[in-house]
Amino acid sequence: MKENFKLSDKQMYEAIQQAFNHFIENLHSKKRIEYKDLRNALTPNINKKEIALVFDSSKVKSAWYGYEVFDKVIPIFDKKTKHSILSGDLIIDQNFHYWKDVFFEELISEKNTNFLNINDCYIVYINNLSNTFFNKFHHQLSYYEPYVGFLDTTTQTNLKTMLSFILCKVAIVNNKEVILPYEDEDWETNENTQGLPFDSNNFSIKSIPSLYYDLFLSYKIEREDLKGYSLDTQIALNAITPIVTDLEKLNIEIEEQKFDYLITTKGGKLKKAQLENYTIKDFEKLIKEKIKDNYIYEMSELREYKVIKFNVIIELEVLYSKEKVKCQITLHYQPEENKLKLITFF
């Protein structure tokens, strides 16, 4: 839209803000849902897990294999948590043999996969899972013949990046209700147009016009800011400010007092990430290097304080271990001063 109508960053900011305010108002008045209450389903959490459940569609007797799969998946939700659900076929158009090797390397399965054709794989992706809930999906589905196994997508992998391009939105589980996209612009209707068995599992249905669902309710699987897709981060920034600058060109600033607090109160986390001996300059360099490794999220504009800030998650490889440590950083965006100022690091 921006390119087609040759909109300036200021015009784009005003358009996004207008759409967002209209969305927030209707979400509250028509659906009795507060946007801030959906935070855990819409943003990544360093203390939660994500899973990609893998099913062999060739073993599902019905041609509508998506329905049959969800008929097994939906009853596992306990109506006390919030999650985004995505799904889709594992479609691989290029470098098939490479992705096949990657898939089987990352797949965790207790079944015989020697004859599994990855072209028949159907994926159901769920975020915001506790360790217990993560394992619950795997164990309860293990008796279902088409269920193959799972991919642990909690941390960044090449396959997770690939899934971010092919999986589509399905729904948001919001405790006892399910939020679904709706084709029309009607805010009054609550209809399960996808036909998946949410109603029969005693979930109440809240449907949102697709235009607003796509813009503000679609969970984005984390991935690095790939070349050719950097406009995504620019539009995210443009949602909270009319001044858009390439984040890579900004300097990172950490105040001495903030650094001392970080060393004093976050010593355990820093030690786990093997950062306990870092200097301020080391931290600034680390953040600078990692800022493009993931999406920015939870963008907010605090007008009364003239603060524009956002979060980003960085993943750190730990020497002598396969474990990755995830840290969340909150940065104060100050394009006029050509810098990003650290607010929190944990």
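Leucine 53 has phenylalanine 150 in E4 as its bridge partner. Helices and strands here are DSSP runs, numbered from the N terminus; a helix (H or I) needs at least four residues and a strand (E) at least two. Strand E1 (residues 49-56) and E4 pair in the antiparallel sense, over five bridges. Two strands count as paired if DSSP finds at least two bridges between them.

This is a predicted model, in which local features need pLDDT of at least 70, side-chain atom pairs count only at pLDDT 80 or more, and totals for chains, interfaces and linings use all residues. Residues are numbered from 1 along each chain as its sequence is written, and side-chain values use heavy atoms, with hydrogens and water left out.

Seven strands form an open sheet with mixed pairing, in the order E4-E1-E3-E2-E5-E6-E7. Strand E4 (147-152) and E7 stand at the edges with a single partner strand each, so one side of each has no neighbour in the sheet. From one strand to the next, the twist averages 25 degrees. Helix H4 (residues 65-73) packs on this sheet. H4 touches E1, strand E2 (82-89), strand E3 (121-129) and strand E5 (168-174). The direction of H4 makes about 35 degrees with that of E3. Axes are lines fitted to C-alpha atoms, for helices over the stretch in contact, and angles run from 0 to 180 degrees between N-to-C directions. Contact means heavy atoms within 4.5 Å.

A second sheet has five strands. It is open, with mixed pairing, and the order is E8-E12-E11-E10-E9. Its edge strands are strand E8 (251-253) and E9, each of which pairs on one side only. Neighbouring strands of this sheet are turned by 35 degrees against each other on average, direction ignored. E9 and E10 pair in the antiparallel sense over five bridges. Serine 300 stands opposite lysine 309 in E10.

Follow strand E8 to isoleucine 252. Is isoleucine 252 buried or exposed? Isoleucine 252 is buried, because its relative accessible area is 10%. Buried means under 20% relative accessible area, exposed means over 50%, and partly exposed lies in between (1.4 Å probe, protein chains only). Setting aside neighbours within four places in sequence, isoleucine 252 is in contact with Glu284, Ile287, Lys288 and Leu340. Isoleucine 252 and leucine 331 are 79 residues apart in sequence, yet 8.9 Å apart in space, C-alpha to C-alpha.

Next, helix H2. H2 (residues 9-31) has 23 residues. From first C-alpha to last it reaches 31 Å, close to the 33 Å expected at 1.5 Å a residue. That expected span is 1.5 Å times one less than the number of residues. The buried residues of H2 are Met12, Tyr13, Ile16, Gln17, Phe23, Asn26, Leu27 and Lys31. They pack against helix H1 (2-5), strand E7 (204-209), helix H8 (210-216), helix H9 (231-238) and strand E9 (296-302). After H2 comes arginine 32, whose phi is positive, near 55 degrees.

H9 has its own buried residues: Thr233, Ala236, Leu237 and Asn238. Their cover includes H1, H2, E9, strand E10 (307-317) and strand E11 (324-334).

Aromatic rings come next. Rings of Phe, Tyr and Trp (its six-membered ring) pair if their centres lie within 6.5 Å; planes under 30 degrees apart count as stacked, over 60 as edge-to-face and the rest as tilted. By this rule the count comes to 22 aromatic pairs. Phenylalanine 20 and phenylalanine 23 form a tilted pair, 6.3 Å centre to centre, with 40 degrees between the planes. Phenylalanine 20 is partly exposed at 24% relative accessible area, whereas phenylalanine 23 is buried at 0%. Tyrosine 98 and tryptophan 99 form an edge-to-face pair, 5.0 Å centre to centre, with 70 degrees between the planes. Tyrosine 98 is partly exposed at 41%; tryptophan 99 is buried at 15%. Ring pairs also link Phe20, Phe23, Tyr35, Trp187, Tyr212 and Phe216 into a cluster.

Two charges meet rings as well. The charged end of lysine 49 sits over the ring of phenylalanine 134, 4.1 Å from its centre. The charged end of arginine 223 sits over the ring of phenylalanine 165, 3.9 Å from its centre. The rule asks for NZ of Lys or CZ of Arg within 6 Å of the ring centre and within 35 degrees of the ring normal.
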